[in-house]
Amino acid sequence: MHYIDTHIHIDAEEFDADRKETVERAVNAGMTAMLVPAIDEKSLDKVLSVCQDYPHFAYPMVGLHPEEVRDDFSEVLGRMQKLLPGPFVAIGEVGLDFYWSREFEKEQCLAFEMQVQWACEWKMPLMIHSRKAQNELVAILKKYNSQLAGGVFHCFTGNMKEAEQLLEFDGFALGIGGVLTFKKSHLPEVVAQLPLGRIVLETDAPYMAPVPMRGKRNESAFIPYVIHKMSECLGVSPEVVAEATTANARRIFTKMG
């Protein structure tokens, strides 16, 4: 059973002590590729360095995470833009996040729209983070709907109505990870109604470890727990889930080797 982790922060300091072993465990569990988002300028060098250590296996993205948007976002994005298209397989991790604060709401919206424009210009997929901001996010994306090259709505945990609204954007999939296995999650009922052709797997490691690993540092080797839960939800075999989600990821992220 083979799978792709479409969203892992393998560059994070949580993996500095045992990154090589973490990747080896994932490979032994069936992972064939991992996609690594940047969150800001500082993370970009580490993302590129780690991906160079695992050629044709770890693939970098470039983007400014909404929680990292500050007053200087236009200067930061100006420097990032000069790196395009480079070795990047997607624009990410980008989006809107009003969960903690709306202090930089205007700046977040402007930064997100600029990065959506990059994706349109370079025909690159988007790795989108959205928290407490779906209406604003959808309004921006609709302006570019005909030009979008697809992407992933990362860490989707919404209801069916929200899922349907996001899946109106052709070429996009919902990123499903450890939350699917949480005991109080409503996500299993939603996933049961989703078309398998619009789902990709992710960890968001080192965060969001699935049951029975909840509370531990997440890693790609734990994805089979998500696959088995998803197979229960959809009434298909784990192999079918793994094969379909891998095909979906490869269809979206066309620059993967």
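**Salt bridges and their surroundings**

Glu24 is partly exposed, with a relative accessible area of 37%; here buried means under 20% relative accessible area, exposed over 50%, and partly exposed in between, with a 1.4 Å probe and protein chains only. The model is a predicted one, in which local features need pLDDT of at least 70 and side-chain atom pairs count only at pLDDT 80 or more, while totals for chains, interfaces and linings use all residues. Residues are numbered from 1 along each chain as its sequence is written, and side-chain values use heavy atoms, leaving out hydrogens and water.

Glu24 pairs with Lys20 in a salt bridge at 2.9 Å, N to O, the term standing for a side-chain nitrogen of Lys or Arg within 4 Å of a carboxyl oxygen of Asp or Glu. The two lie four residues apart in helix H1, so about one helical turn separates them; helices (H or I, at least four residues) and strands (E, at least two) are DSSP runs, numbered from the N terminus. Lys20 is exposed, at 52% relative accessibility.

By this rule, the count comes to 13 salt bridges. Lys46 and Asp16 form one of them, at 3.0 Å, N to O. This pair links distant parts of the chain, with Lys46 in helix H2 (residues 41–53) and Asp16 in the loop between strand S1 (3–5) and helix H1 (19–29), 30 residues apart. Lys46 is partly exposed at 31%, as is Asp16 at 42%.

A further salt bridge joins Arg102 and Glu136 at 3.4 Å, N to O. Arg102 sits in the loop between strand S4 (90–97) and helix H4 (105–122), and Glu136 in helix H5 (residues 134–142), so the pair ties together parts 34 residues apart in sequence. Glu136 is partly exposed, with a relative accessible area of 25%. Elsewhere, salt bridges with shared partners join Asp18, Arg25, Arg217 and Glu219 into one network.
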